[in-house]
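Hi everyone, thanks for coming. Have a look at it first.

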Amino acid sequence: MDLLDWHRGRLSSRRLSVLIEHLPRDSSVNRALHGEAVEWSVTDHLLAAVVDHLAAANWLFTSVHSDDPPDPPDPVPRPGSAPSEEPEAEPDSPPASADLARFFGMG
């Protein structure tokens, strides 16, 4: 399809709008508008959430069953979410193993 047909009057504005609206997700127009976020589908976002939740669950389990709890896991980086340039506030100290065991009804 030649986009000059719109200037020549052979392609209506409505048809051009429909063609642009239904471009493939990884087209250069979508990439210019949305950046690298077009590379991730809904499935990719859901899988990243599953990985984050599983890592958090493993961290909680390890924290409960060890005397020296590990650092909390970092989430899977998502496209379009640039790391913040502001220094983050100091996190609170992790809960004690006894507190976690009591919270989960294991102690």
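Let's start with Ser63, which counts as buried because its relative accessibility is 1%, where buried means under 20% relative accessible area, exposed over 50% and partly exposed in between, with a 1.4 Å probe and protein chains only. Before I go on, this is a predicted model, where local features need pLDDT of at least 70, side-chain atom pairs count only at pLDDT 80 or more, and totals for chains, interfaces and linings use all residues. Residues are numbered from 1 along each chain as its sequence is written, and side-chain values use heavy atoms, leaving out hydrogens and water.

Back to our serine. Ser63 sits in helix H4, residues 42-64; helices are DSSP runs (H or I) of at least four residues, strands (E) of at least two, numbered from the N terminus. What does Ser63 touch, not counting residues up to four places away in sequence? Pro69, Pro70, Ser97 and Leu100, with contact meaning heavy atoms within 4.5 Å. The Ser63 side chain also reaches the backbone oxygen of Trp59, at 2.8 Å.

Now for a residue at the surface. Leu33 belongs to helix H3, residues 28-34, and is exposed, at 62% relative accessible area.

Finally, the whole chain. How many helices does the protein chain have? Five, along with zero strands, so the pattern along the sequence reads α-α-α-α-α. Of its 107 residues, 16% count as buried. And among contacts with a separation of 6 or more, 46% come from residues 24 or more positions apart.

How values were computed
Polar contact = N/O pair within 3.5 Å; in protein donor to acceptor, adjacent residues only side chain to side chain.
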